Amino acid sequence: MDWDRLSALVAWDEKALAPVLAIAAVTIGFIVYYFVMSSGKLEGRFLKRYGAEDGQANWIIFSRFWGGFWLGAPSLLLPVLFLDASPADFGMSFGMTSEALIITAILCPILIVMNIFRAGKPNNLEHYPQIRKKEWTIFTFGGSSLGWIVYLLGYELCFRGFLLFGCAAVLGVWPAIAINASIYSFAHFFKGIGETVGAIPFGIIVSVISLFTGNFMVAFLVHCSLALSNQTVAFLAHPEMKWKRG
């Protein structure tokens with residue numbers, strides 16, 4: 001065997017550390033998140049403790065907090081631990097430029113209007129709102145909304161933060177966007193073909209915007225407006241769901 005050739009082939013390049021860690025962060029985060037959430041035994045404990053409807057609602061809210069932590073925490077910690085860098089160096093900062101504010105102000109209303117038009121469609125109501133309680137209280141709505149925000153914060157720190165900026169710094173803009181959109185699309189497999197395919201153009205657009213504005217904030221706010229507005233209009237359009245009186 002040509003050991004010299006093999007050694008040269010797998011020789012480590014320090015410049016590769018950032019994209020390798022970024023891809024590892026999203027991979028490990030999703031593995032921990034998905035396989036815990038796929039545990040019928042753990043979900044069954046929620047249903048047994050809280051009952052069918054409340055148990056399902058609490059399970060969904062728990063899953064969002066769990067996912068937000070496991071997607072966001074590695075992305076925030078790995079640059080500090082292994083790259084001698086701050087999260088802000090990889091797009092994980094909370095500042096908003098004037099361009100970012102303008103883009104957010106344009107995109108959010110467009111997405112909200114789109115959600116309003118598709119609110120009552122059978123395919124949308126089949127999946128949303130994810131909490132299937134027939135009677136919602138302000139606590140149901142608040143817990144679900146907060147869960148979405150925490151989940152999407154970790155999600156976007158990972159995707160349009162560490163993964164995007166970590167890859168772009170070494171591989172270049174378009175390879176980073178391609179990697180980002182591809183992994184983002186794979187993450188939607190369990191939501192059906194529509195969302196899986198739709199994640200590709202959405203992922204490309206928000207990646208370009210994130211690189212242009214310098215951080216993940218527009219992607220986070222746009223994603224929140226998409227999720228929260230769809231939750232709201234889907235609930236209002238659902239024939240079997242209503243507010244609980246009193």
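Close-up 1. Helix H7, covering residues 138–171, has 34 residues and reaches 46 Å from its first C-alpha to its last, close to the 50 Å expected at 1.5 Å a residue, where the expected span is 1.5 Å times one less than the number of residues. This is a predicted model, in which local features need pLDDT of at least 70 and side-chain atom pairs count only at pLDDT 80 or more, while totals for chains, interfaces and linings use all residues. Residues are numbered from 1 along each chain as its sequence is written, and side-chain values use heavy atoms, with hydrogens and water left out. Helices are DSSP runs (H or I, at least four residues) numbered from the N terminus. A kink of about 30° is centred on Leu164 in H7, the bend at a residue being the angle between axes fitted to the seven residues ending there and the seven starting there. Gly172, which follows H7, has a positive phi near 105°.

**Close-up 2. Helix H7 against helix H8.** The axes of H7 and H8 (residues 173–186) come within 7 Å and cross at roughly 150°, axes being lines fitted to C-alpha atoms over the stretch in contact and angles running from 0 to 180 degrees between N-to-C directions. That angle makes H7 roughly antiparallel to H8 (over 145 degrees). Their crossing is right-handed (the near helix is turned clockwise from the far one by less than a right angle).

**Close-up 3. Helix H7 against helix H10.** H7 also packs with H10 (residues 217–237), at an angle of about 150° and with the axes 9 Å apart, and the two helices are therefore roughly antiparallel. The contact includes Trp148, Tyr155 and Arg160 of H7 and Phe220, His223 and Gln231 of H10. Its residues divide into 11 nonpolar, five polar and two charged.

**Close-up 4. Helix H5 against helix H9.** The axes of H5 (residues 98–118) and H9 (residues 193–213) come within 10 Å and cross at roughly 155°. Glu99, Ala100, Ile103 and Leu107 of H5 meet Ile209, Phe212 and Thr213 of H9, a contact with five nonpolar residues, one polar and one charged.

Note on methods
Contact = heavy atoms within 4.5 Å. Nonpolar A, V, L, I, M, F, W, Y, C, P; charged D, E, K, R; others polar. Parallel < 35°, antiparallel > 145°, perpendicular 65-115°, else oblique.
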